[in-house]
Amino acid sequence: MSEELSDLLKVRREKLLEFKAQGMEPFPYKFERDSTASQIQEKYGHLQGHDESPKEVTFAGRIMTKRGHGKASFATLQDESGRLQIYAKEDVLGKDKYELFLKLDMGDIIGVTGVVFRTKMGELTVRVDKWTLLCKSLHPLPEKWHGLQDKELRYRERYVDLLVNPDVKDVFVKRSRILSSIRKFLEGRGFMEVETPLLHVLQGGAAATPFETYHDALSMPLFLRIAPELYLKRLIVGGFEKIFELGRVFRNEGMSFKHNPEYTMLEVYEAYADYHDVLKMTEEMISTIIKETTGKFNIEYKGETINFEPPFKRIPLIEALKHFGNIDISGKTEDQIRKIGKDKGIEGALEIGAGKIINELYDKFVEPNLRQPTFIVDYPIETSPLAKKKRDNPKLVERFELIVAGMEIANAFSELNDPLDQRERFKKQAELKAAGDVEAESMDEDFLRALEYGMPPAGGLGVGIDRLVMLATDSPSIRDVLFFPHMKPISKVVESEEMEILDQSESKRKTK
RNA sequence: GCGCCGUUAGCUCAAUUGGCAGAGCAGGACACUCUUAAUGUCAAGGUUGAAGGUUCAAUUCCUUCACGGCGCACCA
């Protein structure tokens, strides 16, 4: 804390001391309340004229507004359920306690006991017969009717954003409901929730750059997981048949309105199913969740109407390229595809291979044009090293993605369970890695051994939960659906301290 | 990583061509016993994101940096 406090902060600290001097505990341990703001609204909403509640109520909340009138004053308390007005009068509280009441600041948390009545202006109000300070606030709240607007501050100080911008809370309530809706859906179909390691020895399960960390006692580098996929499949080998994991994954990549370095992914695996089964389940799950959490299939997202009523469109990738990009890759050789890529303005990845080029063409010409929920089906084998070959075309794999509003929401395939084929795919990935592809999968011998014991045929699915929440809450950025989106630290002091810490762990690493 | 835009009081925003940095809310003092954006009066509050430069003079023009927003690139 800096030496020089602004006047506003000083005043609040002085008030804190004054409350103490008057024998009040500014940070007590507990408060028994018998109602919330909304319970009182509901229970006594019928009061009219000079009616009063037969009994006193006791509730607590943060002071959000204050209106003083000399020997009587109004304030509004906010708790999780909502807001309720209170009315304090000197002749009820006595001179001393009323004067202390006037000293309260917006942001202070108090408990109140009193009878409920309706004011002349018609507002349901609790008359303060007794009040207790529950927490002295030392920092002023933002302006009362514009709230907190500055996006940077809203993300950095989300606790303030949540207090003064009620819509923000709704987004996160909905996020929570989506998570329970997913669990309900899957558990209702016999799936079991499992947890697998976040710290991985090898990079695998997706094409992405991992975060690296270090285990001091074991003297070894570790990766924060980019996907739980390979561990979940080991569990399918181990005999579980219907499992899912709902958890955080980490990707060391750029940030954007749809990317945060850590995000929440759902992965689902079902033994004896293929990607056709998974597609049907995905369609049911996504439409059910949207219906359950928004009340309808038709939602508004960034000004466009998106219809989640099943069935969703299904388009093979090759068809989609033809339709949206006027690109025909069927039966083309790698060189021909490379030429198409060049003609269509694909910059990077031209050397790496046909699959990657097709991927780029798809990202550029198809994905942004898919607004309504659409399954893109059957992908090139090179970019899907964990998926089974399509049964009638070995250049493709049985894989689909679900695209909504130009965003990839889900990704699924018939899981590759042939250990010999998987070994070949890993080898190809190793070649890519050697050629400089930082996202290529690592050769995972333990995973191969698991497959050698035998994994039943299985379908697997990954769903980007944050993006789903964006759609359900009409949030334009992933940062709006994360309580604390990743932000660079502001203070230079903090930065240099962090550098020191990094330096220390760096030198520790070297000495071990 | 690149491009564009932004950063002024605790919060929300002004400031003409480069000419004394202003208001509302919050906070302070006073008045006021049914207000709800309470009201009225008075006083206070600023290293204009940071560092340089140009100029008699910079919130304003130039350079660099920091942070953020949006777009692009990369990815899910």
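Is P54 buried or exposed? I looked this up first in the predicted model. P54 counts as exposed, because its relative accessibility is 76% and the cut-off for exposed is over 50%. I located P54 in the loop between helix 2 (37–44) and strand 1 (57–68). I then took the distance from P54 to K364, a residue 310 places away along the chain, and found their C-alpha atoms separated by 68 Å.

**Entry: overall layout**

I noted that chain A contains 16 helices and 21 strands. Its C-alpha trace spans about 90 × 60 × 50 Å along the principal axes. Of its 512 residues, 47% count as buried. The chain is divided into domain 1 (3–141) and domain 2, the latter made of two segments, 163–312 and 372–481. I recorded 48 Å between the C-alpha centres of domain 1 and domain 2.

**Entry: helix 9**

I checked whether the length of helix 9 fits its residue count. Helix 9 covers residues 275–294, and at 1.5 Å a residue its 20 residues should span 28 Å; the end C-alpha atoms are 28 Å apart, so the two values agree. At the start of helix 9, I found a side-chain oxygen of D274 within 3.0 Å of the backbone nitrogen of H276. After helix 9 comes G295, with a positive phi near 90 degrees.

How many of the 9 residues of helix 15 are buried? I counted 9 of the 9, so helix 15 is largely enclosed by the rest of the structure. D474 follows helix 15, and its phi is positive, near 50 degrees.

I went on to F484, in the loop between helix 15 (465–473) and helix 16 (492–511). F484 counts as exposed because its relative accessibility is 59%. Together with Y159 and F483, F484 makes a nonpolar surface patch of about 360 Å².

I placed K136 in the loop between strand 7 (130–135) and helix 5 (151–156). K136 counts as buried because its relative accessibility is 2%, and the limit for buried is under 20%. Which side chain does the side chain of K136 contact? I found a polar contact with the side chain of D108, at 2.8 Å. Both residues belong to a network of salt bridges that also links R12, K15 and D105.

**Entry: further salt bridges**

Side chains of opposite charge can pair when their charged atoms come close.

R371 and E304 meet through their side chains at 2.7 Å, N to O. This pair links distant parts of the chain, 67 residues apart: R371 is in the loop between helix 12 (354–366) and strand 17, and E304 is in strand 15. R371 counts as partly exposed at 31% relative accessibility, and E304 counts as partly exposed at 23%.

D335 and R338 form a salt bridge at 3.1 Å, N to O. They are 3 residues apart in helix 11 (residues 334–343), so about one helical turn separates them. D335 counts as exposed at 56% relative accessibility, whereas R338 counts as partly exposed at 23%.

R423 and E452 form a salt bridge whose closest N and O atoms are 3.8 Å apart. R423 is in helix 13 (residues 419–434) and E452 in helix 14 (residues 445–453), 29 residues apart, and the pair links distant parts of the chain. R423 is partly exposed, with a relative accessible area of 23%; E452 is partly exposed as well, with 48%.

**Entry: backbone angles**

Finally, I looked up some backbone angles. The peptide bond from P310 to P311 is cis, with omega near 5 degrees. P311 lies in the loop between strand 15 (304–307) and strand 16 (313–316).

K302 is not a glycine, yet its phi is positive, about 45 degrees. I placed K302 in the loop between strand 14 (298–301) and strand 15, and K302 is partly exposed, with a relative accessible area of 45%.

D378, also a residue other than glycine, has a positive phi near 70 degrees. D378 is in strand 17 (residues 374–380). Is D378 buried or exposed? D378 is buried, because its relative accessible area is 8%.

Key
Residues numbered from 1 in each chain as written. Chains lettered and ligands numbered in written order. Predicted model: local features only at pLDDT ≥ 70, side-chain atom pairs only at ≥ 80, totals over all residues. Heavy atoms only, no water. Patch = residues over 30% accessible without salt bridge, like charges linked within 9 Å, V, L, I, M, F, W, Y side chains within 5 Å. Areas by Shrake-Rupley, 256 points an atom, 1.4 Å probe, with all protein chains shown as cover. Salt bridge = Lys/Arg side-chain N within 4 Å of Asp/Glu carboxyl O. Helix = DSSP H or I, 4+ residues; strand = E, 2+ residues; numbered from the N terminus. Buried < 20%, exposed > 50% of the residue type's maximum accessible area, 1.4 Å probe, protein only. Domains from an automatic or database assignment. Expected span 1.5 Å × (residues − 1). Polar contact = N/O pair within 3.5 Å; in protein donor to acceptor, adjacent residues only side chain to side chain.
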